[in-house]
Amino acid sequence: MRAFLIAFFAAYANLTTAMVSPEVSAKTYGFVGTGTMSSAIVRGLATLERPPAVILISPRNAAKAAALAAAFPGLVTVAADNQAVVDGCEVVMIGVLPTIAEETCRALRFKPSQTVISLVSTAPLEGLRVWCAGVPSESVVRAIPLPPVSKHEGATILTPPHELAVAVFSALGTAVPVATEETMKKMMPVTGLMGQFYAMQRATQTWVQAQGVPAEDAARYVGAVFHCITYDTAEAGAETFDHLVKEQTVGGINEQVVRELTEAGAYDALSDSLDAILARVEGRPAPRKLKRPYQATDEA
Ligand SMILES: NC(=O)c1ccc[n+]([C@@H]2O[C@H](COP(=O)([O-])OP(=O)(O)OC[C@H]3O[C@@H](n4cnc5c(N)ncnc54)[C@H](OP(=O)(O)O)[C@@H]3O)[C@@H](O)[C@H]2O)c1
């Protein structure tokens with residue numbers, strides 16, 4: 001019964017996230033900086049059931065811009081330069097690297113009717129509002145998406161909770177709008193957990209192979225199991241994770257692993273790493289931690 005209910009609610013959640021606000025399709029979009037992140041958003045927008053009619057991209061990077069225009073003819077157009085992008089759209093996404101964000105924005109002339117969504121992970125709202133002069137403060141938004149937006153499976157934090165920006169990133173996966181930049185900063189360390197997740201998968205694959213299982217089978221199964229077990233948490237509520245951990249059978253193999261990793265300090269180490277990343281995000285020294293490396297004892 002529980003499995004059925006989870007499958008039902010997961011399907012319902014997918015259905016609801018797949019519903020795209022008509023406002024998203026009705027707008028025109030422009031991208032200043034056509035790199036990894038902009039390309040992912042362009043691909044996501046262009047493959048919506050009802051894509052927007054106009055997506056303008058800037059000519060750099062030339063290869064990426066050409067590939068997008070070729071993939072979506074008649075929909076994605078490479079503009080002559082950054083100003084031509086801004087002149088031709090209602091929603092401008094800034095997708096350049098942090099080091100040139102200020103000079104790039106300051107060189108452009110914006111209109112008061114425009115919305116600017118900055119993808120630049122470190123550019124503060126206060127600066128963006130000055131650099132994008134002419135755009136009302138409330139129409140300047142910071143968003144931190146992840147590349148799976150290209151497949152409508154993204155996870156994007158954004159602030160302020162601008163209605164159109166929330167609708168755009170909800171169409172491209174899950175959008176988590178937050179009220180302030182302070183809150184956004186505190187959530188940013190979570191994106192730093194991607195590498196350790198893959199490292200855990202790699203360690204698991206290595207262990208399975210060490211048992212004599214062919215590498216292809218080990219990798220395929222590990223990838224599928226991790227994908228499958230995170231499925232239930234894609235639309236998590238406040239109690240979801242706690243509930244799922246507590247639901248593991250007492251004395252069962254899942255409870256055993258949680259207990260052993262807790263004893264080994266794995267979750268304390270995770271929390272310590274998040275503390276250290278937040279310190280980096282906030283530009284202050286990392287808190288000093290007393291590291292006690294885990295050592296297995298092999299008692300017969
Ligand atoms: N990648 C991610 O997963 C991710 C996630 C969250 C946030 N972000 C943020 O998104 C922004 C872009 O990151 P990215 O990974 O997409 O970087 P990227 O792939 O290096 O893209 C940056 C693009 O900007 C172009 N560019 C350079 N100078 C320009 C100029 N004056 N005018 C217009 N375009 C110019 C570059 O072209 P050339 O190659 O010709 O120099 C390149 O195509 C960053 O600020 C980053 O913090 C990225």
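How many bridges join strand 1 to strand 4 (residues 91-94)? There are four, and the two strands run parallel; strands count as paired once DSSP finds at least two bridges between them. This is a predicted model, so to speak, with local features needing pLDDT of at least 70 and side-chain atom pairs counting only at pLDDT 80 or more, while totals for chains, interfaces and linings use all residues. Residue numbers start from 1 along each chain as its sequence is written.

Strand 1 (residues 29-32) also picks up strand 2 (residues 55-57) through three bridges, again in parallel. Helices (H or I, at least four residues) and strands (E, at least two) are DSSP runs, numbered from the N terminus. Phe 31 has Ile 57 of strand 2 as its bridge partner, and Val 32 has Ile 94 of strand 4. Both faces of strand 1 are covered, with Tyr 29 and Phe 31 buried on one side and Gly 30 and Val 32 buried on the other (buried: 20 or more other C-beta atoms within 10 Å of the residue's own, with C-beta atoms placed from the backbone).

Then there's the ligand. Its shell holds 25 residues, with Gly 33, Gly 35, Met 37, Asn 61 and Ser 121 the closest; a residue is near if its C-beta atom, placed from the backbone, lies within 6 Å.

As for the overall layout, the chain splits into domain 1 (17-179) and domain 2 (192-281), with bounds from an automatic or database domain assignment. Their centres, taken over C-alpha atoms, sit 33 Å apart.

How values were computed: A residue is buried if 20 or more other C-beta atoms lie within 10 Å of its own, exposed if 12 or fewer, and partly exposed in between; C-beta atoms are placed from the backbone.
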